Structure formats: structure tokens, C-alpha cells
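Hi,

Here is the model I promised to pass on.

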Amino acid sequence: MRADVARRIALGAQGFTDPRPAAPPGRRHLQRALSRVQLLQLDSVNVAVRAHYMPLFSRLGAYAPELVDDAAWSHSARKPRLLVENWAHEASLIPVEDWPLLHSGAKRAGWWNNYRPIAEQAPELVDGIMRVVKEQGPIGAGAIERELLGEGSRSTGPWWGRSEVKRLCEYLFGLGELTTGSRKSFERLYDLPERVLPASVLARSVDAEEGARLLVERSAVALGVATEPDLRDYYRLAPQASQRAVAELVEAGVLEPVAVEGWVAPAYRHVSAKVPRKVVGRALLCPFDPLIWERARTERIFGFRYRIEIYVPEEKRVHGYYVFPFLLDGELVARVDLKADRGVGVLRVQGAFAEPGRDGGRVAVELAAELRGMAEWLGLSGVEVMPRGDLAGVLRAVVG
């Protein structure tokens, strides 16, 4: 398979060949986008826009963020909850029906298992957390602490500290004993799964092997064509479980082994993956967009080396703090370091960089249009371009 064909398959699988809705996107459009990407990664960084909102804007254009909020953190008979929080790729919003798959034993052990010794040495604290959530949930970890320990109280034992309460909340969340009932100012409010998820979902039993097969198949739908490590990384599966699932899906005819030009590792194409004749259009991609979150895959498919530099000291950053790659007609052609300055009401481009060999003039025109659209979507009055980067001058001239 030629490399450009693999790239078009990957973009089509992620929804970048679907036309953006002409009318304001609704719940049906959300479901269509989710059928492509399978999940939305959560992240606390809000320098431009929270990570779980941006991938939908990249695919659908301007939509009401309440569409995601209602799907994830509210419930009514008319609009049942579509999404629930869980550890998938990282902390993510997943379709409610996928909950049993992620608690099947297919995933590799999560970091929250480091808190198991606390749970084993202080079972009464676990019981207390569960009791408070049952009585008062949805409730935040801080409120649980206050209820159990009292305002200003001190621990009387080795595990009854405030940090231990928060750690055990994370531990119980990782196990699926607690989930997120709602959020307030992005604070997770814990609740019992039986008050959040349908009884039919909680009653479904999935063993580790079936869970791995179903999760790898979802990965393959989202990626289109991928190596086994690519498929494994989408849901952070245990290596042996992923490898066995891939072999079984190949035998079942769900995955087709292919050799992709320039790829060292064997690849697999989902049998339903389409090969778009061409990819047109533009999109800004946040650092946690599923198209690019696996950096080695991004470099392999697009020839685009991308690293998030949040944790790099400012003087050592190459492109900036929170950099969005720019997708244009199926290629990653530029990157911009963005900040939503809500105090003055502008989307600030703190740095703008074109990829080598790109037509800076055309890139700037298309990028300026997408930045204006993003600013409007975020409720900002305009775009301000700072002088940093080789694309900044021409972009500033276009933005005006």
C-alpha cells in the first residue's frame, strides 16, 4: 500500500472526509463523529479550549459545547446520557455501552493501582468514601474529605489524611466502583455507577479476551490502517492481550494484513475502512486529538514531528506551550501556539510556523480563516498574531 493511500484511509477513518454540517450541529452529528473517533480525551489544560471540546470542532465546525456537556454529564428521559468518563486512552469520555469493555481486564494495569495498599490498610476509609457518595453524590473529593475528616481535622492513623481520601477516590474510579456523575467548573463529582449507567450496561459481563477483541476492533475503526502498537495504544491495552486480539481479528476477517510503504512494522486495515479519492478542507488539531496523539504514528503518516512542550522550560521550547497542528487538504502544513486571552477577548497566536516547503501565502490564508472561526466559536472578538515564527509575518498581514 502506498503511503499516501494509508494517510487518506487514516483521515477518512477519523472523520476528516465527512462534510461539516451546513446547519448548527446537533446530537446526531455528535454521534456520527463519535462513531469515527470512538472517544474524547479529557485534559485539565484550558489555555485555549479544553481538550474534549476541540476534536468535535475540528470535524464539525462551530457547535454548542453544551452538546458534549449534555451527552456526558446530564440525563433525562428525553435525552439519555450518551457518554461516561473512564480511563481509555487516558481519562476520556466513552460511549456508555463501552463501559464493560474497559473493565474486562483487557487493559494494562493503571497507575491508580499504586493506591491499592492504602485501600488494603484502611478499608474503613474506603467504606466511608462509598457511604458518603451513596448518601450525597454527585460529590467532589474535597467535600468527601470534609465530610469524613471534618474542617481542619487531622488524621489519627497512618492513612487517614486528606491526600489519601483523594487517592482512594481515584483508585475507586479506576476500578469502576465510582464514576463521574457530573462536573462543576471541571471538578469531577463522584457518583455510583448504578445511578449513572443503564442497568443493562452494568449487567453485561465481558471477559478479558472478548474485551480486547472489541476494543482493538474499535481502535481499527478509528485508525483505518494501523500497526499493532497503534491499535494497542488507542485504549492502552496490555501487549499480549492486544497481540492475541489482532491475530484473532485477522483470522475472523475483520482485519486485513497490509504492508505500507515506509512503515517498518506490519500494518492492519479494517475491512470497512474506505479509501478516499482525495482529502480537502482544513482543521486545527489540539494536542490531544486522536488523529495525532500517538506521536510516532503522526510522524510516520504525515512526516510531521510533534511534541507537546507544556512541561518543557519556556526558554527551551521550540514551538510553544500549547501548539495546534494545522491540517490542510490532508497534510499537516503548519503549527500555531494558541492562547485564548479571555481578559481582552482575543485568540492569541503566540507563535506560527510553516512546515518546510509549504506555500506560506496559501497556508496563511486558510489558517487565518480557521483561526477566525475558532475565535468566534470561543466567543472571542478576534485573532491577534504575535511576531514569533516564520509564518507569523504573513499570517499577521492576512489576519489584519
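Below is what I found in it, grouped by region.

First, the ground rules. This is a predicted model, so to speak of local features I needed pLDDT of at least 70, and side-chain atom pairs count only at pLDDT 80 or more, while totals for chains, interfaces and linings use all residues. Residues are numbered from 1 along each chain as its sequence is written, and side-chain values use heavy atoms, with hydrogens and water left out.

Three strands make an open sheet in the order β1-β3-β2, with antiparallel pairing. β1 (40-41) and β2 (83-87) are at the edges with a single partner strand each, so one side of each has no neighbour in the sheet. Strands here are DSSP runs of E with at least two residues, helices are runs of H or I with at least four, and both are numbered from the N terminus. Two strands pair if DSSP finds at least two bridges between them. β1 and β3 (residues 91-95) are joined over 2 bridges, and Leu-40 has Leu-93 as its bridge partner in β3.

Helix α2 (residues 27-37) has His-29, Leu-30, Ala-33, Leu-34 and Val-37 as its buried residues. Seen down the axis of α2, these fall within an arc of 135°, so they line one face of the helix; the arc is that of the directions from the helix axis to the C-beta atoms. "Buried" means under 20% relative accessible area, "exposed" over 50%, and "partly exposed" in between, using a 1.4 Å probe and protein chains only. The cover over those buried residues includes β1, α3, α4, β2, α11 (208-223) and α12 (228-235).

Gln-38 follows α2 and is found in the loop between α2 and β1. Its phi is positive, near 75°, in a residue other than glycine. Gln-38 is buried, with a relative accessible area of 9%.

**A hairpin**

Strand β4 (residues 179-184) runs antiparallel to β5 and is joined to it by 5 bridges, with Ser-182 opposite Leu-189. β5 (residues 187-191) is mostly covered, with 4 of its 5 residues buried. The two strands form a hairpin with 2 residues between them. Ser-185, in the loop between β4 and β5, has a positive phi of about 50° although it is not a glycine. Ser-185 is exposed at 76% relative accessible area.

**Aromatics**

There are 11 aromatic pairs. Rings of Phe, Tyr and Trp (its six-membered ring) pair if their centres lie within 6.5 Å; planes under 30 degrees apart count as stacked, over 60 as edge-to-face and the rest as tilted. Tyr-63 and Trp-377 have ring centres 5.5 Å apart and planes at 35°, so that pair is tilted. Tyr-63 lies in the loop between α3 (54-60) and α4 (66-73) and Trp-377 in helix α15 (residues 360-377), so the pair ties together parts that are 314 residues apart in sequence. Both Tyr-63 and Trp-377 are buried. Phe-304 and Tyr-306 also make a tilted pair, with centres 6.1 Å apart and planes at 50°. Phe-304 is buried at 1% relative accessibility, and Tyr-306 is buried with a relative accessible area of 1%. Elsewhere, Trp-87, Trp-111, Trp-112 and Tyr-115 form one aromatic cluster.

**Arginines to look at**

Arg-300 lies over the face of Trp-263, 4.7 Å from the ring centre. The criterion is NZ of Lys or CZ of Arg within 6 Å of the ring centre and within 35 degrees of the ring normal.

Arg-335 is in strand β11 (residues 331-341) and is buried, with a relative accessible area of 5%. A polar atom of its side chain lies 2.9 Å from the backbone oxygen of Arg-305. Leaving aside neighbours within four places in sequence, the contacts of Arg-335 (heavy atoms within 4.5 Å) include Phe-304, Tyr-306, His-319 and Glu-355.

Arg-167, in helix α9 (residues 162-175), is partly exposed at 33% relative accessible area. Its C-alpha atom is 6.5 Å from that of Tyr-115, 52 residues apart along the chain. A polar contact of 3.2 Å joins the side chains of Arg-167 and Glu-164. Such a contact is a pair of N or O atoms within 3.5 Å; within protein, one must be able to donate a hydrogen and the other to accept it, and residues adjacent in sequence count only if both atoms are side-chain atoms.

**One cis peptide**

Gly-137 and Pro-138 are joined by a cis peptide bond, with omega about 0°. Pro-138 is in the loop between α7 (123-136) and α8 (141-149).

Cheers
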